[in-house]
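Subject: Structure for you to look over

Dear colleague,

I am handing over the structure we spoke about, with notes on what was found in it. Please read them with the model open beside you.

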Amino acid sequence: MRLLLGCAAIAASVAFSAEGPSMAAGKVELKSADVLAFGPAGILFVGDTVSATLTAIDTGDKTPNKNPGQIELKAINEKIAAVLGTAADQISIADVAVNPVSRRVYLSVARGRGAQAVPLVMTTDASGKISELSLDNVKHAKVALVDAPSAEAKNARGQSPRMETITDIGYAEGRVFVAGLSNEEFASSLRSFPYPFKAADKGAGIEIFHGAHGRFETNAPVRTFVPYKVANTPHLLAAYTCTPLVTIPLSELKPGNKVKGKTIAELGNRNRPLDMIVYTKGGKDFILMANSSRGVMKLPTANLDSYSAIVAQTEKQGVPYETIAELKDVQQLDKYDDKSAILLQTTGGSMDLRTIALP
Amino acid sequence: MKQVVSFIALALSALAADVAVRREGSAFRAAGLPATPPEGGWPAVFRVHVGDASMPPVMGTYAVDGADVIFKPRFAIPPDVACRAIAAAKEFRFAAAVRERKSTTHVAQVYPTAPEIPANQLKFYLEFSAPMEKGQAWERIRLLNAEGKVVELAFLEIEQELWDRETKRLTLLFDPGRIKRGVMPRDQVGSALIAGQAYTLQVDRDYRDAEGNPLTQEFRREFRVRVEDREPVEPSKWSFQLPDAGTRAPLRVAFGEPLDAALATRLIGIDGMSGALTLTANETTLVFTPDTNWESREYKLLVDTVLEDLAGNRVGRPFDVDTFNRITVRTNRGVVTVPFRVR
């Protein structure tokens with residue numbers, strides 16, 4: 001627990017500053033609800049790809065719950081569809097996040113599948129009751145993720161078809177990190193915003209190379225990441241679209257910096273990282289990573305700093321991992337409490353939300 | 001206790017006899033319910049469901065209007081979704097309207113348009129003629145080799161799908177792990193595309209548009225693959241076909257290779273000039289037609305360094321940088337200026 005950033009431990013210490021001066025009550029205007037992440041004291045970050053914004057919402061949900069109870073919600077997509085009065089195929093669930101204080105589960109949902117889809121944040125808990133997080137009049141603050149290049153600015157041709165899909169959001173050490181994948185340029189985009197947000201903050205664009213293999217570097221996009229301490233120093237553990245797992249010291253993630261991450265593991269072919277969490281079991285820390293086709297991977301994090309960067313080609317090296325094969329088709333993953341994780345799992349066309357004991 | 005139960009049941013059935021529910025726009029109006037909500041609130045006696053009995057009721061708000069109770073769903077239930085209202089234990093079914101399926105949408109264009117692409121091609125842009133429904137790309141789009149077999153995991157199958165705002169243009173990224181040199185996927189299974197081979201991009205007819213209708217027809221685009229391109233984009237080597245001063249004749253700039261269609265349209269401009277910029281000759285040439293006459297003076301072509309060619313090589317930097325044979329690495333995003341003089 002002491003090593004986990006952005007969770008309850010930190011929440012208490014910065015609770016008073018969570019509602020910064022920029023948090024005004026009003027209607028939260030979202031065009032899409034994609035990635036969710038919790039910050040301190042019930043602050044929910046919502047990544048909105050379509051409007052290219054990051055919104056911090058004060059959920060007011062900050063009553064600690066030490067025994068939240070297990071969750072087993074079969075066909076949650078169908079249940080959400082029923083609640084929202086539509087067909088199950090018109091519902092998509094983009095992300096699942098657990099409020100680390102109340103253990104309430106938040107889901108980013110789209111009702112409809114076209115450009116007219118309505119974004120919603122739904123919540124549930126061990127009772128199985130599904131509710132909507134009302135966005136009509138809540139304290140919130142918003143920052144734009146737009147980073148218009150200079151040539152484009154002088155060459156306006158109406159609305160740009162460019163969009164940057166938000167692939168992950170994480171909060172650590174008073175900063176929110178946003179990873180994105182553009183539908184045009186390949187260059188990686190990792191932005192960092194101090195939280196509480198400051199006015200007109202566009203976020204620091206950070207260029208990250210993973211100099212994995214001695215010779216070739218790309219600034220490939222980060223797929224998913226988790227804040228974590230390596231040798232007592234805050235890092236991001238980031239998984240790339242092309243499978244390397246990389247550690248990046250937070251101290252290097254500064255505006256305009258060219259950062260070189262250290263590749264500590266390669267997770268192999270046919271393996272697309274989807275989501276990651278860090279947890280403690282038996283006094284040791286582990287990373288649990290959901291993948292597109294290899295089940296869920298469990299990696300010990302002890303002495304992550306002692307692994308030398310992977311420099312040779314081909315071989316599977318670096319941090320050893322075990323694959324928990326029975327956890328198949330896990331789409332989303334988050335830490336539920338100290339002993340369990342929550343999974344959004346596809347089973348035969350429908351989606352189940354369930355808690356499992358941390359392996 | 002028994003007596004009480006039977007009394008309630010009697011009361012309910014007496015009520016149910018007079019209860020009626022009708023749809024009123026997106027709302028449901030129930031007549032014959034008690035004037036005040038029961039202890040459990042209105043949902044205890046009046047609720048609307050889509051789906052079967054195991055599913056929770058539709059979310060919404062209640063209002064009393066005279067002797068009636070009105071339930072307004074949070075969202076209007078679409079006409080093609082069946083629903084039922086339960087009022088005082090009596091069920092009222094509302095059938096789904098039959099939807100007319102009519103195909104009008106098709107794949108309008110695929111970029112790059114060139115019949116030949118490099119083996120390290122980074123992306124395709126798939127443009128549809130109308131907005132599409134999200135969430136189908138990885139089952140409806142595939143890459144076939146010359147034998148007609150599916151090339152497995154050719155594309156980066158990210159569940160969010162890289163659409164534009166209108167959901168008309170989909171970006172297909174080839175798996176960068178199979179392009180970037182020295183990573184496991186490429187070392188284990190090689191590139192998705194092999195130089196000298198022919199491939200077909202296939203889009204199923206069943207790909208649904210935003211109205212839920214399939215495409216007018218299946219889409220197929222064949223292309224050949226040439227050797228990898230690992231050269232950066234070099235605007236200083238582009239050739240200019242200059243217009244005459246005093247005219248609005250187009251400026252033509254030939255890149256010497258096809259560039260990424262979306263980026264070339266967005267990231268190239270002429271300093272201080274507005275006009276129409278299009279790409280031609282399979283995205284190898286830019287045509288800029290100004291809104292005002294050219295003057296006899298020097299102009300600047302501005303190129304954002306994020307501009308990519310088909311293989312993701314950027315201005316001044318290839319897709320992956322060989323750190324031993326050092327190439328000048330341009331790390332910060334900037335703008336390269338290429339001056340030209342109109343006479």
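The notes below begin with chain A as a whole and then turn to particular elements and residues in both chains.

Please keep in mind throughout that this is a predicted model, and that the values given here are computed from it.

Chain A contains 3 helices and 26 strands, and of its 359 residues 63% count as buried. If one takes the contacts in chain A between residues at least 6 apart in sequence, 53% of them join residues at least 24 apart.

Helix 2 of chain A deserves a look, since it is mostly covered, with 7 of its 8 residues buried. The buried residues are Ile76(A), Asn77(A), Lys79(A), Ile80(A), Ala81(A), Ala82(A) and Val83(A), and you will see that a lysine and an asparagine are listed among them. What covers these buried residues includes strand 5, strand 6 (91-98), strand 7 (105-111) and strand 8 (118-124) of chain A, as well as strand 25 (340-347) and strand 26 (350-357) of that chain.

Residues with a positive phi are found on either side of this helix. Ala75(A), in the loop between strand 5 (72-73) and helix 2 (76-83) of chain A, has a phi near 50°, a positive value in a residue other than glycine. Ala75(A) has a relative accessibility of 12% and therefore counts as buried, the cut-off being under 20%. Just after helix 2 of chain A, Gly85(A) takes a positive phi of about 65°. For context, most residues other than glycine have a negative phi.

Elsewhere in chain A, 4 strands form an open sheet in the order 20-21-22-23, with antiparallel pairing. Strand 20 (273-281) and strand 23 (322-324) of chain A stand at its edges, and because each has a single partner strand, one side of each is left without a neighbour in the sheet. The twist averages 25° from one strand to the next. Within this sheet, strand 21 (residues 284-291) and strand 22 (residues 296-300) of chain A pair in the antiparallel sense over 5 bridges, and Phe286(A) stands opposite Pro300(A) in strand 22 of chain A.

In chain B, strand 6 (residues 83-87) and strand 7 (residues 90-94) likewise pair in the antiparallel sense over 5 bridges, and they form a hairpin with 2 residues between them. Two arginines face each other across this pairing, as Arg84(B) stands opposite Arg93(B) in strand 7 of chain B. Ala88(B), in the turn of the hairpin, has a phi near 45°, again a positive value in a residue other than glycine. With a relative accessibility of 4%, Ala88(B) counts as buried.

Which residues are joined by a cis peptide bond in chain A, and which in chain B? In chain A, such a bond joins Tyr195(A) and Pro196(A), with omega about 0°, and Pro196(A) is found in the loop between strand 13 (189-194) and strand 14 (204-210) of chain A. In chain B, a cis peptide bond joins Tyr111(B) and Pro112(B), also with omega about 0°, and Pro112(B) lies in the loop between strand 8 (107-111) and strand 9 (116-118) of chain B. Most peptide bonds are trans.

With best regards

Technical notes. Residues numbered from 1 in each chain as written. Chains lettered and ligands numbered in written order. Predicted model: local features only at pLDDT ≥ 70, side-chain atom pairs only at ≥ 80, totals over all residues. Heavy atoms only, no water. Pairing = 2+ DSSP bridges. Buried < 20%, exposed > 50% of the residue type's maximum accessible area, 1.4 Å probe, protein only. Contact = heavy atoms within 4.5 Å. Axes fitted to C-alpha atoms, helices over the stretch in contact; angles between N-to-C directions.
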